Amino acid sequence: MSASSPHRPPRTRTAVLFAVLATVAAGLGTLVLVRADAGLTARQVTVGGVPMTEVRAGPPTPGVRRPGVVIAHGFAARPG
């Protein structure tokens, strides 16, 4: 005869633990994505006839130089 155990089997506990961890990770990931653009400013500019979107981390500070990154994709030629 086997007595019924009030505890869950180890596989069930592991599955519940993973489910809880996955839910917490998904919640934290969603929070980070929602706030990903906090503090950024964006404006449309044209340089040499090429339209661009300038994105900065906060408002520009006069006299302060910051490093920049140029990302160009999908641009084949000037419109016209």
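Trainee: Is Arg56 buried, exposed or partly exposed?

Mentor: Buried means under 20% relative accessible area, exposed over 50%, and partly exposed in between, with a 1.4 Å probe and protein chains only. Arg56 has a relative accessible area of 31%, so Arg56 is partly exposed. Two conventions apply to what follows. Residues are numbered from 1 along each chain as its sequence is written. This is a predicted model, in which local features need pLDDT of at least 70, side-chain atom pairs count only at pLDDT 80 or more, totals for chains, interfaces and linings use all residues, and side-chain values use heavy atoms, with hydrogens and water left out.

Trainee: What is the mean pLDDT of the protein chain?

Mentor: pLDDT is the predictor's confidence in each residue, from 0 to 100. The mean for the protein chain is 80, and 81% of its residues reach 70 or more. Where pLDDT is low, the predicted coordinates should not be read in detail.

Trainee: Which elements does the protein chain have?

Mentor: Helices (H or I, at least four residues) and strands (E, at least two) are DSSP runs, numbered from the N terminus. Here there are one helix and two strands, in the order α-β-β from the N terminus on. Of the 80 residues in the chain, 4% are buried.

Trainee: In what sense do S1 and S2 pair?

Mentor: Two strands pair if DSSP finds at least two bridges between them. S1 and S2 pair in the antiparallel sense, over eight bridges. Within this pairing, Glu54 in S2 is the bridge partner of Arg43, and Val55 in S2 is that of Ala42. The hairpin has two residues between the strands, and Gly48 takes a positive phi near 60° there.

Trainee: How many salt bridges does the structure hold?

Mentor: A salt bridge is a side-chain nitrogen of Lys or Arg within 4 Å of a carboxyl oxygen of Asp or Glu. The structure holds two. In one of them, the side chains of Arg43 and Glu54 meet at 2.5 Å, N to O. This pair links distant parts of the chain, with Arg43 in strand S1 (residues 40-47) and Glu54 in strand S2 (residues 50-57), eleven residues apart. Glu54 also forms a salt bridge with Arg56, whose closest N and O atoms are 3.4 Å apart.

Trainee: Why do Arg43 and Glu54 count as partly exposed?

Mentor: Arg43 counts as partly exposed because its relative accessibility is 48%, and Glu54 does so because its value is 23%.

Trainee: What volume does the largest pocket have?

Mentor: On a 1 Å grid over the protein atoms alone, a pocket is an open set of points where a 1.4 Å probe fits, with protein on both sides within 12 Å along at least five of seven lines; lining residues have an atom within 4 Å of a point. A volume is the space filled by probe spheres set on the points, which are joined across faces, edges and corners. The largest pocket has a volume of about 730 Å³. Of its 22 lining residues, the closest to the centre are Thr53, Glu54, Val55, Val69 and Val70.

Trainee: Which element gives the most to this lining?

Mentor: S2 gives the most, with eight residues.
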